[in-house]
Amino acid sequence: MPSGVGNGTNPIHNKKPKKAPKGEEDEEDKAFKLKQQADKKARDEMANKAKGKGPLNAGQQGIKKSGKK
């Protein structure tokens, strides 16, 4: 029979994943979160800094054909 048809669904697949307790974080988790926040802040600052500038390829629009034949 196809899955989901019959005497109900398999209880093995109905279990919800267990959540870790919120209060417990080891030093690696804390350091990782701090690093993530610092990286996000640096990316935001760089994005704001680059926002006012024009296109980066101003003088490099690829190969241009001359008008001569």
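Reader: What relative accessible area does Lys40 have?
Author: Lys40 counts as partly exposed, a class that lies between buried (under 20% relative accessible area) and exposed (over 50%), judged with a 1.4 Å probe and protein chains only. The model is a predicted one, in which local features need pLDDT of at least 70 and side-chain atom pairs count only at pLDDT 80 or more, while totals for chains, interfaces and linings use all residues. Residues are numbered from 1 along each chain as its sequence is written, and side-chain values use heavy atoms, with hydrogens and water left out. For Lys40, the relative accessible area comes to 47%.

Reader: Which residue meets Lys40 in a salt bridge?
Author: A salt bridge is a side-chain nitrogen of Lys or Arg within 4 Å of a carboxyl oxygen of Asp or Glu. With an N to O distance of 3.5 Å, the partner is Asp44.

Reader: How far apart are the closest N and O atoms of Lys35 and Asp39?
Author: Both residues lie in helix α1 (residues 27-51), four residues apart. Lys35 is exposed at 53% relative accessibility, whereas Asp39 is partly exposed at 33%. Their salt bridge is one of two found in the whole structure, and its closest N and O atoms are separated by 3.6 Å.

Reader: How many helices and strands does the protein chain have?
Author: Helices (H or I, at least four residues) and strands (E, at least two) are DSSP runs, numbered from the N terminus. By this rule, the protein chain comes to one helix and zero strands.

Reader: What percentage of the 69 residues of the protein chain counts as buried?
Author: The protein chain exposes about 7,700 Å², of which carbon and sulfur atoms supply 55%, with areas from the Shrake-Rupley method and a 1.4 Å probe. Among the 69 residues, the part that counts as buried is 0%.
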